[in-house]
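Me: I'd like to learn how to read a protein model. Can we go through it feature by feature?

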Amino acid sequence: MLERLGPRSIVFVGLMGAGKTAIGRKVAGMLGLSFIDSDHEIESVSRMTIPELFERYGEAEFRALEQRVIHRLLTENSPQVLSTGGGAFMNEQTREAIADYGVSVWLKADLDLLMERVSKKQNRPLLKNDNPRAVLQTLMDVRYPVYASAEITVTTRDERKEVIAAEVIEALAAYFGMAPASAGGEERS
């Protein structure tokens, strides 16, 4: 699989709470690749948290920084597994960079699962309002048609990370035209 991936990165996209970081880290471990979370990288280069960046500079400036950081990560560090923030794939230049330097994997989740997961964390700037469920539903309505342009879609659910990560690996194998391990006795790399 790594041979077919070549210099490209595996790039996880999807809404907050879909599991991009947790599943991305597992997939990276299974394939022997490094893992980078673009939000952590943004916090590192800016020396500010994502909520602080949103508050101080607004969403537009944050998205511009996010675009630059993701482009740099894709062009300097491949192959790798890269987890992106929920809004990153909405930026056309970021989608183009991912298409040029990576294989996009959308972790698709339903509203109830996302709500259950994001309600556990208070660091979600877009959900700081009276009705986070309605905000999340609106984000799904706007973003899911764009996420659907990802090369691979894997539905995530309340299942162990290892199971979802294995499904991502299977989807990547299918994307690369590789026979499943059980079909031809071929081993996965």
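Me: Is Leu 15 buried or exposed?

Reply: Start with the cut-offs: buried means under 20% relative accessible area, exposed means over 50%, and partly exposed is in between, using a 1.4 Å probe and protein chains only. Leu 15 has 1% relative accessibility, so it counts as buried. Keep in mind that this is a predicted model, where local features need pLDDT of at least 70, side-chain atom pairs count only at pLDDT 80 or more, and totals for chains, interfaces and linings use all residues. Residues are numbered from 1 along each chain as its sequence is written, and side-chain values use heavy atoms, with hydrogens and water left out.

Me: Where does Leu 15 sit?

Reply: Helices (H or I, at least four residues) and strands (E, at least two) are DSSP runs, numbered from the N terminus. Leu 15 is in the loop between strand E1 (9–13) and H2.

Me: What does Leu 15 touch?

Reply: Contact means heavy atoms within 4.5 Å. Not counting residues up to four places away in sequence, Leu 15 touches Lys 20, Gly 86, Leu 114, Leu 136, Leu 139, Met 140, Arg 143, Tyr 144 and Tyr 147.

Me: What about another loop residue, Thr 156: where is its place?

Reply: Look in the loop between strand E5 (152–155) and helix H8 (161–175). Thr 156 counts as buried because its relative accessibility is 4%. Setting aside residues up to four places away in sequence, Thr 156 touches Ala 18, Leu 107, Lys 108, Ala 109, Leu 113, Arg 117 and Ile 164.

Me: Which residues touch the most other members in the largest nonpolar core?

Reply: In soluble globular proteins, nonpolar side chains tend to be buried together. A nonpolar core is a set of buried Ala, Val, Leu, Ile, Met, Phe, Trp, Tyr and Cys residues joined through side-chain atoms within 4.5 Å. Here the largest one has 60 residues, and Ile 10, Phe 12, Val 27, Leu 136, Val 168 and Leu 172 touch the most other members. Helix H4 (residues 50–76) gives the most to this core, with nine residues. For a closer look, take Val 168: leaving aside neighbours within four places in sequence, Val 168 is in contact with Phe 12, Ile 23, Val 27, Val 105, Leu 107 and Val 154.

Me: How do I read a pair of helices, say H4 and helix H5?

Reply: Axes are lines fitted to C-alpha atoms, for helices over the stretch in contact, and angles run from 0 to 180 degrees between N-to-C directions. Under 35 degrees counts as roughly parallel, over 145 as roughly antiparallel, 65 to 115 as roughly perpendicular and the rest as oblique. The axes of H4 and H5 (residues 92–101) come within 10 Å and cross at roughly 5°, so H4 and H5 are roughly parallel to each other.

Me: Which residues meet there, in H4 and H5?

Reply: From H4 you get Gln 67, Ile 70, His 71, Leu 74 and Thr 75, and from H5 Gln 93, Thr 94, Ala 97, Ile 98 and Tyr 101. Sorting them by class, Ala, Val, Leu, Ile, Met, Phe, Trp, Tyr, Cys and Pro count as nonpolar, Asp, Glu, Lys and Arg as charged, and the others, Gly among them, as polar. The contact of H4 with H5 has five nonpolar, five polar and no charged residues.

Me: At what angle do helix H6 and helix H7 cross?

Reply: The axes of H6 (residues 111–118) and H7 (residues 132–147) come within 10 Å and cross at roughly 125°, so H6 and H7 are oblique to each other. The contact residues are Leu 111, Asp 112, Leu 114, Met 115 and Val 118 of H6, with Pro 132, Arg 133, Leu 136, Gln 137, Met 140 and Tyr 144 of H7. By class, they are eight nonpolar, one polar and two charged.

Me: Is Phe 62 buried or exposed?

Reply: Phe 62 lies in helix H4 and counts as buried, because its relative accessibility is 4%. Glu 52 lies in helix H4 too, but Glu 52 is partly exposed, with a relative accessible area of 41%.

Me: What is phi of Arg 47 near?

Reply: Most residues other than glycine have a negative phi. Phi of Arg 47 is near 55°, a positive value in a residue other than glycine. Arg 47 lies in the loop between helix H3 (38–46) and H4, and at 77% relative accessibility Arg 47 counts as exposed.
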